[in-house]
Amino acid sequence: MRFSIYRYQPESGDAPSMQPFELAVRPGMMLREALLALRDTDPTLAFRHSCGEGVCGSDAMNVNGRNVLACTTPVDGLKEPVQIRPLPGMPVVRDLIVDMEPFFRQYRAIQPYLQVNDPLPESEQRQSPTERQRLDGLYECILCGCCSTACPSFWWNPDKFLGPAALLQAWRFLADSRDQGREARLDFLEGPFRLFRCHSIMNCVEVCPKGLNPTRTIGLIRQMMLREMG
Amino acid sequence: MSGRHLAGLRGWLWQRLTALYLLVYLLLAAVVLWRAEIRDHADWVALLGQPAVSVATALGLAAVLLHGWIGLRDIVIDYVRPAPLRLLVHGAVLLSLLLLAAWSGLILVRLHA
């Protein structure tokens, strides 16, 4: 199988380029395994990976124009040569490794933890099954960055627009029955940039490897804002 | 929400409200124009001179301009990154829309003069 992989070695001083590779793939092989095999032939090829089963979110990359997790992407059926590039719009550190700091900066900005003003109970803070159910489709996010780096609004304003991943997490805490920081959270999201740069393009939904729907959660935040406004 | 900063939500909400009004207005306008027999300028003046048509059209113009302002503001915020240039383009867009508002408002007012 033929591959064309983005190469960038900052210490060489060369401009980034696409390098052709060839590999005899076996049936059922995942792209991560193919990259590991290619790295055996060229140890300078750099990419992140860890769990190998779509849980850690380390090996997000752009394959034939679409953001995917290499470990959950079968090589069968990929159009050749398979074009592999780093996640779009992010500063490239080396080859397929990008600096995820702009992504995690926006994630940190939404304060992704429960905010409780009341004295904490002696035991656990309980939720009803219905309250717990509201977190389904939210807590599963693995923060791989596929969605935010596929979002044109995030490409244009990565420093101001929070991006779909951070907004999904913002809703995860707004929807949590135990959280008491709603007003401050909604105030933070107000303004033309942080939330309202979303134009419902839905690239995020298209590429999410966990099948989550950030566009829907952004709509739910807007609805909550409308209710709180009245 | 404290209601201190509603620039994002208000803009988003107004864009949708004006779109809804324009949808209704355009559907009604299509029906009215289909049923009215307009042959010349005098017929246009007579149609637009009716108070209901005049008010609906004035609101329609306001809706178009507001909808356009929010949409163009979004495009400028997305694509024009340098703050001074962004401000300049915002100003030019706003001025153009205000001139259009004044011009179209004048036309409507003259119908009743």
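**View 1. Helix α1 of chain B and its nonpolar patch.** Helix α1 (residues 7-35) of chain B gives the most to a nonpolar surface patch, with 5 residues; helices here are DSSP runs of H or I with at least four residues, strands are runs of E with at least two, and both are numbered from the N terminus. This is a predicted model, where local features need pLDDT of at least 70, side-chain atom pairs count only at pLDDT 80 or more, and totals for chains, interfaces and linings use all residues. Residues are numbered from 1 along each chain as its sequence is written, chains are lettered from A and ligands numbered from 1 in the order in which they are written, and side-chain values use heavy atoms, leaving out hydrogens and water. The patch covers about 590 Å² and is made by B:W14, B:L17, B:L20, B:L23, B:L27 and B:L66. To join a patch like this, nonpolar side chains (Val, Leu, Ile, Met, Phe, Trp, Tyr) must be within 5 Å, on residues with over 30% relative accessible area and no salt bridge; areas come from the Shrake-Rupley method with a 1.4 Å probe, and for residues only the protein chains shown count as cover. B:L66 sits in helix α3 (residues 51-79) of chain B and is partly exposed at 31% (buried is under 20% relative accessible area, exposed over 50%, partly exposed in between).

**View 2. The open sheet of chain A.** Here 5 strands line up as β2-β1-β5-β3-β4, with mixed pairing (two strands pair if DSSP finds at least two bridges between them). At the edges are β2 (17-22) and β4 (66-69) of chain A, each pairing on one side only. Strand β1 (residues 2-7) of chain A runs antiparallel to β2(A), over 6 bridges, and A:Y6 stands opposite A:M18 in β2(A).

**View 3. A salt bridge between distant parts of chain A.** The side chains of A:E80 and A:R2 meet at 3.9 Å, N to O; a salt bridge is a side-chain nitrogen of Lys or Arg within 4 Å of a carboxyl oxygen of Asp or Glu. A:E80 is in the loop between β4 and β5 of chain A and A:R2 in strand β1 of chain A, 78 residues apart. A:E80 is partly exposed, at 38%, and A:R2 counts as partly exposed at 38%.

**View 4. A salt bridge along one helix.** A:R105 pairs with A:E101, with their closest N and O atoms 3.8 Å apart. Both lie in helix α2 (residues 101-109) of chain A, 4 residues or about one turn apart.

Terms used: Patch = residues over 30% accessible without salt bridge, like charges linked within 9 Å, V, L, I, M, F, W, Y side chains within 5 Å. Buried < 20%, exposed > 50% of the residue type's maximum accessible area, 1.4 Å probe, protein only.
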